[in-house]
Amino acid sequence: MKSGGNAIDAAISATLVEGLLNPNMHTIGGECPILIAPAGGGEVVCINGNMMAPAKATPSAFKDRGHDRIPAEGILAAGVPGALGALVVAAQRFGRKTFEELSARALDLASNGFPVHSGLLHQHKFGLIDNRDKFNAHWPGSAALYLRNGVVPREGATLKNPAFADTIGHLVRAERAAGGSREWRLQAVFDAFYKGDVAAKIISYSDAEDGLLTRDDFDAFEIPVEQPVAIDFHGARIFKTDAWTQGPALLQTLSILKSFDLRSLAHNGTDYVHLVTEAMKLAFADREQYYADTRQVDVPTAALLADDYGRRRALLIDPRRASLEMRPGQPSDGLVLSRDKRHATAPWGAGTVHIDAMDDEGNACAFTPSGAWIKSAEVIPDLGFPLGNRLSNCCLGPVDHPNVVAPRKRPRTTISPTIVTRDGRPWIACGSMGGDQQDQWQIQFLLNRLVFGMSVQAAIEAAKFSSEHFPGFFAPQDSFPARLRVEARIGEATLNGLHALGHDVSIAPDWSEGFVLAAERHEDGMLEAGCDPRGVKAEVFPAAAAAW
C-alpha cells in the first residue's frame, strides 16, 4: 500500500508470503476463495479460487484402483490448483501492481530464507514434527526441503525454498516478456502457470505417481468471477461465497436467528449459547444435504436463504432441549427432510490462512487461502510446493449425492471469507481458519459486533464455542450428536446450564476456539483491524493486524 498499491494488491502479496511461510496451512498448490468490495459502492464480487477435478476423476477411476473413498493424501486427491489463478484474476480486475511487484517479498523470502517458526514445527498433525517420519519414509521431496538430513530444524533456523523462488522467477520472466498492458502481462503469468512449464512439471509429477491430471485439464481451467450470496441482518448486508463453500451456512444461521430477540438474552449465557448452537446445527444440516459445486449442481441457495424458510426452521428449535438429530430441511415447505432422502455426511477439509485488507480509497477484501498443505501431499521438487487434496472432500456415491466426484467438478469446501456492507459501503471484512468451525466462529464474531455492539477486538476475543454435531474436519471426521466444545472461561453457570439442556459439553481450553481476523471502516473513514490471540496460544501461528 505504501508504494502505491491498494488493498487488493496488499492481500495478494500477503497470500503469496503466507503460502511460503505457513505451508502447514496453505501453499499456492491449493485454493483461495476471495470476496472484494470495491471502493465507491460497487457490487461485491466473488472470485472462485477453488480447485477443479481432473476429467478422469470418476467414481470408477478410484474404485478400479481399489479405493472405496478418495484418498485423503497423495496425488489421487489432487486437482488443478486454483490459488495462483485466483490471485492473478484479482490483480487483473482490481489491483494496480504487476506480478513482479506483488511477488517481490515472497521471492526474497524464498531466495534468502526466513526463520522456522513454532507453528510450522509444532502444529498438531500439520507441523514438521508430526510429519517427519512420513517425509523420511515416503516423500523425499518434502524431506529435502523441510528437514536437515532427516532431522527437523530448530525453531529460528533459516529455511530457504529455492525451487519456489525459481517458480516465482519463471512467472515474473513470463510477465516481463509479454509486453502490452498490465492486465495482458498478468494473463501471461496465468498462462505460464496453467499452460506452460509449471503445468508441465505438475503433469509430469502426476504421471509418475499414477495421478489423473492431464494437459487438457489445465487447458480447460478457468477462474470464475461470480456474484456472491447475501442476506440483510441487523442493519447490515452480509456477503458470502456461494454453496461450493460452506459460506451460506453462516447466512442460514443468521436467517434462523432473525426470529429471536437476541439482545434480550445474556451474552454467552445458557439460553443464548443454546439458541445459536441449535440454529447452527439446522443450517449445517442443510450444508451436508445440499451444498456442492454450483456450476455443476442446482443448489437451492436462494430458497435456503429466504426469510420464510429461516422462520420455519426457527420453529424447530426447542428452547428446553438440545437436538440429537441431523435435520436437513425441505426449502419448498420448510419441513424436515424425510430420513430416506438424507445424504450421508462426509468430511469437508481443514488447514487455512485468512487475510483481510482495507485501504484509504474505500476498497475492502477478504481472502481465505487454504489447501496444498505439507501434511497431505509431497512437495514437487522442481516447484517447491505440493498439490492440494481437496478432491478427497468429494464422495464416490451414491450417484445422486450433490458432491459425488465428477469430471471437472469443484469439490465443496469449508473455506469461506466474509464481507459486510452498511448503507451500501464496505464496512467489515473478516474470516478465519478452522474447517467446519470457521463459519461458526465468524457467526459469533458477527453477533458480538452487530447485535451486542462490541468493538472489533472485543468481538474477536470473547469466549467462543463450536458444535461437533456434524462431521469434524480432522481425521477420522467423526460426528458427535449434541457435542458442544465451549471455552472454560464462558463460566460455570453457562456450562452447567448447557449440560442440563442435553448438550454433550466438552470443556475446551481457554483461547482455543477462534482464530478470527477482521478489519472495519468507521463512518468517519477511520480504519480498524483486529486479530485473534488464540493462534499463538494454540501453537498454530500468530495472527497480526497492522494499520497506519
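## Where α9 meets α10

In this predicted model, His-170, Leu-171, Ala-174, Glu-175 and Ala-178 of α9 touch Trp-184, Arg-185, Leu-186, Ala-188, Val-189, Ala-192 and Phe-193 of α10. Contact here means heavy atoms within 4.5 Å. Sorted by class, this contact of α9 with α10 holds nine nonpolar, one polar and two charged residues. In that sorting, Ala, Val, Leu, Ile, Met, Phe, Trp, Tyr, Cys and Pro count as nonpolar, Asp, Glu, Lys and Arg as charged, and the others, Gly among them, as polar.

Two packed helices are described by the angle between their axes and the distance between the axes. For α9 and α10 (residues 182-194), the angle is about 140 degrees and the axes are 8 Å apart. That makes α9 oblique to α10. Angles under 35 degrees count as roughly parallel, over 145 as roughly antiparallel, 65 to 115 as roughly perpendicular, and the rest as oblique. Axes are lines fitted to C-alpha atoms, for helices over the stretch in contact, and angles run from 0 to 180 degrees between N-to-C directions. The crossing of α9 and α10 is right-handed; a crossing gets that name if the near helix is turned clockwise from the far one by less than a right angle, and left-handed if anticlockwise.

## How to read the model

Residues are numbered from 1 along each chain as its sequence is written. Because the model is predicted, local features need pLDDT of at least 70 and side-chain atom pairs count only at pLDDT 80 or more, while totals for chains, interfaces and linings use all residues; side-chain values use heavy atoms, with hydrogens and water left out.

## The whole protein

The protein has 20 helices and 16 strands. Helices (H or I, at least four residues) and strands (E, at least two) are DSSP runs, numbered from the N terminus. The radius of gyration is 22 Å, close to the 24 Å that the globule rule gives for 548 residues, so the protein is as compact as a globular protein of that length. That radius is taken over C-alpha atoms, and the rule is 2.2 Å times the number of residues to the power 0.38. Along the principal axes, the C-alpha atoms fill a box of roughly 65 × 60 × 45 Å.

Leu-107, Ala-110 and Ser-111 of α5 meet Pro-162, Phe-164, Ala-165, Ile-168 and Gly-169 of α9. By class, the contact has six nonpolar, two polar and no charged residues.

Helices α1 (residues 7-21) and α3 (residues 83-94) pack at about 160 degrees, their axes 9 Å apart. That makes α1 roughly antiparallel to α3. Ile-8, Ile-12, Thr-15 and Leu-16 of α1 make the contact with Leu-84, Leu-87, Ala-90, Ala-91 and Phe-94 of α3. Here the classes are eight nonpolar, one polar and no charged residues. The α1 and α3 crossing is left-handed.

## The five-stranded sheet

An open sheet of five strands runs in the order β5-β2-β1-β9-β8, with antiparallel pairing. Two strands pair if DSSP finds at least two bridges between them. At the edges, β5 (225-226) and β8 (355-358) each pair on one side only. Strands β1 (residues 34-37) and β9 (residues 364-367) pair over four bridges, with Leu-35 bridged to Ala-366 of β9. Helix α3 packs on this sheet, touching β1, β2 (45-47), β5 and β9, and its direction makes about 10 degrees with that of β1.

## The three-stranded sheet

Strands β12, β13 and β14 form an open sheet in the order β12-β13-β14, and the pairing is mixed. The edge strands β12 (465-467) and β14 (504-508) each have a single partner strand, so one side of each is left without a neighbour in the sheet. Neighbouring strands are turned by 20 degrees against each other on average, direction ignored.

Which sense does each pair take, parallel or antiparallel? Strand β13 (residues 483-487) pairs with β14 in the parallel sense over five bridges, and Arg-485 has Ser-506 as its bridge partner in β14. Strands β12 and β13 pair in the antiparallel sense over three bridges, with Ser-467 bridged to Leu-484 of β13. Helix α14 (residues 270-290) lies across β12 and β13, at about 35 degrees to β12.

## Two backbone spots to look at

Most residues other than glycine have a negative phi, and most peptide bonds are trans. Lys-125 is not a glycine, yet has a positive phi of about 75 degrees; Lys-125 sits in the loop between α6 (118-122) and α7 (128-138). The peptide bond from Gly-397 to Pro-398 is cis, with omega near 0 degrees, and Pro-398 lies in the loop between β9 and β10 (418-422).
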